[in-house]
Amino acid sequence: MNEEIILAKVFINPGHGGTDPGAIGPTGYWEATCVKAVADILNVKLQSVGISTHVYQSGTLSGIAGAANAWRADWFVSIHCNSSAGTPGTGTETYHYPGSAQGQAFAAVIQAELVKKLGRANRGVKSANFQVLRDTAMPAILTELLFINNPVEEALLKTPACQENAAEALAIGICRHLGVTYPNPLPPTLYRVQAGAFSVRANAENMLALVKAAGFTSAIIREVSGVFCVQVGAYSIRANAEAMLALVLAAGFSGIIKEG
Ligand SMILES: [Zn+2]
């Protein structure tokens, strides 16, 4: 079993919920529905890189900060949609608690990534004495993705593409701020064309000289747990490895493709 490494604990709070719809768009779309969808996608993304998460949606404001504090979160992210009286606003803004340098730095990264992905107006990083920012014991931000009372932005917020973009931007921003590589860098599969493997290095060097003389000038010796492999090439696409193997065989050498 792999040892589990917890990189950080991020508390994700999609705003509103329960009987509280939050703001409601012109077609009746609920803020609470939208931000829960984004939070659920974000949750999977953060877990995929080893970040510990807790998603908590509640219509009761006072319980949210308490839940984050009790869970001992390292970071707090509240996700909302904006709404305005009168003429609908447009764009993205992100809040931190007034005077919180850590919150401000976190908000700046999140805001930049969201604006990049959502492609709407950049309303900037702001501070506000919101309860969830004030009562949380860790650096906290609250982001207003887009204006749900703006018909254009409501239509966007409803789409899986926009929800995915918002979650991806949040994941990129959170990971960038925490210094976590995102997405998880799976080592690419390499198809290595090998012309012999030897337990004695001198024998491998003799073979290396022969394959180089035959025109395979980029061949190298690669040592794998005490075995000296004459590697003619390494490719991420199998077909390319097969093409090289054919050349190696045609030149009279024995050869194989090693995967991994
Ligand atoms: Zn809200």
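Which strands does helix α8 (residues 238-250) lie across? Select α8: the helix lies across β7, β9 and β10, and runs at about 40 degrees to β7. Helices (H or I, at least four residues) and strands (E, at least two) are DSSP runs, numbered from the N terminus. Angles run from 0 to 180 degrees between N-to-C directions, and axes are lines fitted to C-alpha atoms, for helices over the stretch in contact.

Before going on, note that this is a predicted model, in which local features need pLDDT of at least 70 and side-chain atom pairs count only at pLDDT 80 or more, while totals for chains, interfaces and linings use all residues. Residues are numbered from 1 along each chain as its sequence is written.

**Stop 1: the two domains**

Colour 9-178 as domain 1 and 191-259 as domain 2. These bounds come from an automatic or database domain assignment. The C-alpha centres of domain 1 and domain 2 are 53 Å apart.

**Stop 2**

Show the four strands in the order β8-β9-β7-β10, which form an open sheet with antiparallel pairing. Two strands pair if DSSP finds at least two bridges between them. At the edges are β8 (220-224) and β10 (256-259), each pairing on one side only. Direction ignored, neighbouring strands here are turned by 50 degrees against each other on average.

Now select β7 (residues 191-198) and β9 (residues 227-235), an antiparallel pair with six bridges. Gln194 stands opposite Gln231 in β9. Contact between two residues is counted if their C-beta atoms, placed from the backbone, lie within 7 Å.

**Stop 3: a cis peptide bond**

Go to the loop between α6 and β7, where Pro183 is found. A cis peptide bond joins Tyr182 and Pro183, with omega at about -10 degrees.

**Stop 4: α6 and its helix neighbours**

Select α1 (residues 31-48) with α6 (residues 160-178): they pack at about 45 degrees, their axes 8 Å apart. That angle makes α1 oblique to α6 (under 35 degrees counts as roughly parallel, over 145 as roughly antiparallel, 65 to 115 as roughly perpendicular and the rest as oblique). On the α1 side, the residues in contact include Ile41 and Leu42; on the α6 side, they include Ala167 and Leu170. By class, this contact has 10 nonpolar, one polar and three charged residues. Ala, Val, Leu, Ile, Met, Phe, Trp, Tyr, Cys and Pro count as nonpolar, Asp, Glu, Lys and Arg as charged, and the others, Gly among them, as polar.

Next select α3 (residues 101-118), which packs with α6 at about 145 degrees, the axes being 8 Å apart. Among the residues in contact are Phe106 and Val109 of α3 and Ala169 and Gly173 of α6. The contact of α3 with α6 has nine nonpolar, three polar and five charged residues.

**Stop 5: the six-stranded sheet**

Show the open sheet with the order β2-β1-β3-β6-β4-β5 and mixed pairing. Here β2 (52-55) and β5 (122-127) are the edge strands. Neighbouring strands are turned by 20 degrees against each other on average, direction ignored. β3 and β6 (residues 140-147) pair in the parallel sense over six bridges, and the bridge partner of Ile79 in β6 is Thr143.

**Stop 6: Arg72**

Finish in the loop between α2 (61-70) and β3 (75-82), where Arg72 is found. Phi of Arg72 is near 60 degrees, a positive value in a residue other than glycine.
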